[in-house]
Amino acid sequence: AHSVAVTPDDAHIVSGSGDATIKIWNLMNGKEERTLYGHTDAVRSVAVTLDGLRIVSGGEDRRIIVWNLETGNEERSFAAHADYIRALTVTPDGTRVISGSWDKTIKVWNLGTGVEERAFSGHTGGVQSVVISPN
């Protein structure tokens, strides 16, 4: 797995893989519950919203996909970067996704619409991690 996230209720692990899939695992018994298909290349980053309702994923296909955690259905997908996405995080209020890419940029996206709200450039190498301060 390239990336792993735990749901806020500690019931599931979400993993993104080089085989372009996302898997949802039961944390208590270790069993795979669901496989999500939608990416066309390796999934490099996964995040779960704090309300536990959505998974956000990004990877080498340069797209961000928003999934319904309960059903596994894709809610929206949007082309995000000029190179692969290496890092994602969701804001505590669940309204925005922050992505970091090998294209040397960080972008802020509206989770509900997929619209890019802001871009930050200035790195001379790919962005490999993004974190949001809790305050």
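Keep in mind as you read that the model is predicted. The chain is built from 12 strands and 0 helices. Its radius of gyration is 14 Å, close to the 14 Å that the globule rule gives for 135 residues, so the chain is as compact as a globular protein of that length.

**Overall build**
- Reading from the N terminus, the elements run β-β-β-β-β-β-β-β-β-β-β-β.
- Along the principal axes, the C-alpha atoms fill a box of roughly 45 × 35 × 20 Å.
- Among contacts in the chain with a separation of 6 or more, 34% are between residues 24 or more positions apart.

- Of the 135 residues in the chain, 45% count as buried.
- The chain has an accessible surface of about 6900 Å², and 47% of that surface belongs to carbon and sulfur atoms.

**A closer look at Ser3**
- You will find Ser3 in strand 1, which covers residues 3–6.
- Ser3 counts as buried because its relative accessibility is 12%, and buried means under 20%.
- A polar atom of the Ser3 side chain lies 3.1 Å from the backbone nitrogen of Val46.
- Setting aside neighbours within four places in sequence, Ser3 is in contact with Val14, Ser15 and Gly16, as well as with Arg44, Ser45 and Val46.

Terms used
Residues are numbered from 1 along each chain as its sequence is written. This is a predicted model: local features need pLDDT of at least 70, side-chain atom pairs count only at pLDDT 80 or more; totals for chains, interfaces and linings use all residues. Side-chain values use heavy atoms; hydrogens and water are left out. Helices (H or I, at least four residues) and strands (E, at least two) are DSSP runs, numbered from the N terminus. The radius of gyration is taken over C-alpha atoms; the globule rule is 2.2 Å times the number of residues to the power 0.38. Buried means under 20% relative accessible area, exposed over 50%, partly exposed in between (1.4 Å probe, protein chains only). Contact means heavy atoms within 4.5 Å. Accessible areas come from the Shrake-Rupley method with a 1.4 Å probe; for residues, only the protein chains shown count as cover. A polar contact is a pair of N or O atoms within 3.5 Å; within protein, one must be able to donate a hydrogen and the other to accept it, and residues adjacent in sequence count only if both atoms are side-chain atoms.
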